[in-house]
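Colleague: I have just opened this entry for the first time. Could you take me through some of its features?

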Amino acid sequence: MSRSPSLPERPRLDLDPEMSDAERLSALRQHFERLTEVNQELDDRLTEATDRRDDLQSEVDQLKRRNETLKTSSLYIATVEEVTDDGVVIKQHGNNQEVLTDTSPHLETEVEAGDRVAINDSFAIQAVLNDETDARAQAMEVDASPDVTYDDIGGIDDQVREVREAVEDPLSNPEMFEKVGVEPPSGVLLHGPPGTGKTMLAKAVANETDATFIKMAGSELVRKFIGEGSRLVRDLFELAADREPAVIFIDEIDAVASKRTDSKTSGDAEVQRTMMQLLSEMDGFDERGEIRIIAATNRFDMLDEAILRPGRFDRLIEVPNPGPEGRVKILEIHTRDMNVADDVDFAELAEELDGHSGADIASLTTEAGMYAIRDDRTQVRREDFDDAIEKMRDTEAQTTIPGHTDYQY
Ligand SMILES: Nc1ncnc2c1ncn2[C@@H]1O[C@H](COP(=O)(O)OP(=O)(O)OP(=O)(O)O)[C@@H](O)[C@H]1O
């Protein structure tokens, strides 16, 4: 910006006491003329500055109006496919159209492949959606390479084998299914009490098949994203198609697929719409390529049978609480990196943990480790496990509601 020239100096009046009256009059006249000149000069500068201010003001007004239009006009959502020297390739949601476009200069360094962005009518990128604005990112957990392996799962070997047959084989050896002429199962439904390793199983399959793991929780869909459920289900399958091979894992599927109730509240209608969208996505599944879908529920009794029809979740696998040997295996898995004293007998501990889940056993081992740390020891002893079991029982006693029985498997 150019700097304005400095203001003219204020004229000085020098009157010498020795001066005659005539000299004094002439000096005063000169001073008056100079003052008039400076005054004129300042007037001109003021007019110039006012004109400039008016110009700037109209520029500000114009920018404000443009900003308002930008703020009020609808923006569309797209995903960045690629950032090239010639521009940014985006894919619009909804119609899947690919467009080569530009980014607002202030976003040039920010845009990366995979980002969700807001675009205007001319496809120019206006904003990169962060996690807060990106409902999809909130509703889904995307893990390009989960690190759970089958070795991390104990006590449910039969279930691991069944899931591998139903999910892994069709992904890693599709030709075999074609040659034999059988359709791989469309979807696998894992059902059983909480904390038995259902999520781990889905992650391990994704890991083993180098597939992206995409998880969506049914309860979040209906609680947090009211009105958006069916859109998010569509997004879920779209995202999986973008990232295939992919394993879609829908946890707590009962939240969107429970038996129809009689009440006709708008909430129910919304849940119904979400389920219909899920069913229609599953029905169009054949063309979807290398995508496998696994769902999980703790409330098998509540499920709407529509989702269990052939071509939908047609492979049911029960994942129960582990038996005594399973509990020993899970104890071993979760103490792999712990320094456990020789007096700890896992078989004995497993006996005491009858009816407990893998998740209970995992947190029990952590708790035992905490007791050792509290005692300033690096080795975990039998007494630490005993203390941890006692604490677990106390907590259970406090959280059990009298007269309430959970759904039993
Ligand atoms: N069979 C198992 N072997 C080893 N660890 C297990 C097993 N089951 C559960 N765990 C431990 O419990 C944690 C929770 O398990 P996970 O999330 O897979 O259970 P879930 O069946 O999906 O539970 P929910 O039904 O509550 O979603 C795991 O991270 C793991 O530490």
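Colleague: To begin with a detail, which residue is the bridge partner of I77 in β4?

Modeller: The bridge partner of I77 in β4 is A118. Please keep in mind that this is a predicted model.

Colleague: How many bridges join β1 to β4, and how do the two strands run?

Modeller: Strand β1, residues 76–84, and strand β4, residues 116–119, are joined by four bridges. The two strands run antiparallel.

Colleague: What is the strand order of the open sheet with β1 and β4 in it?

Modeller: The order is β3-β2-β1-β4-β5, so named for an open sheet of five strands with antiparallel pairing.

Colleague: Which strands stand at the edges?

Modeller: The edges are taken by β3 (98–101) and β5 (125–128). Each has a single partner strand, so one side of each has no neighbour in the sheet.

Colleague: And by how much are neighbouring strands turned against each other?

Modeller: On average the turn is 40° between neighbouring strands of this sheet, with direction ignored.

Colleague: Which residues make the contact?

Modeller: From α9 the contact residues are R327, I330, L331 and H334. From α11 they are G358, I361, A362 and T365. By type, the residues of this contact divide into four nonpolar, three polar and one charged.

Colleague: Now the loops. Is the peptide bond from E244 to P245 cis or trans?

Modeller: The bond from E244 to P245 is cis, and its omega is near 0°. P245 belongs to the loop between α7 (229–242) and β9 (246–251).

Colleague: What is phi of D210?

Modeller: Phi of D210 is near 55°, which is a positive value in a residue other than glycine. D210 is in the loop between α5 (198–208) and β8 (212–217).

Colleague: Why does D210 count as exposed?

Modeller: D210 counts as exposed because it has 11 C-beta neighbours inside 10 Å, and the cut-off for exposed is 12 or fewer.

Colleague: What about D376: where does it lie, and is it buried or exposed?

Modeller: D376 lies in the loop between α11 and α12 (382–399). With 6 C-beta neighbours inside 10 Å, D376 counts as exposed. Phi of D376 is near 65°, a positive value in a residue that is not glycine.

Technical notes
Residues numbered from 1 in each chain as written. Predicted model: local features only at pLDDT ≥ 70, side-chain atom pairs only at ≥ 80, totals over all residues. Pairing = 2+ DSSP bridges. Axes fitted to C-alpha atoms, helices over the stretch in contact; angles between N-to-C directions. Contact = placed C-beta atoms within 7 Å. Nonpolar A, V, L, I, M, F, W, Y, C, P; charged D, E, K, R; others polar. Buried ≥ 20, exposed ≤ 12 C-beta atoms within 10 Å, placed from the backbone.
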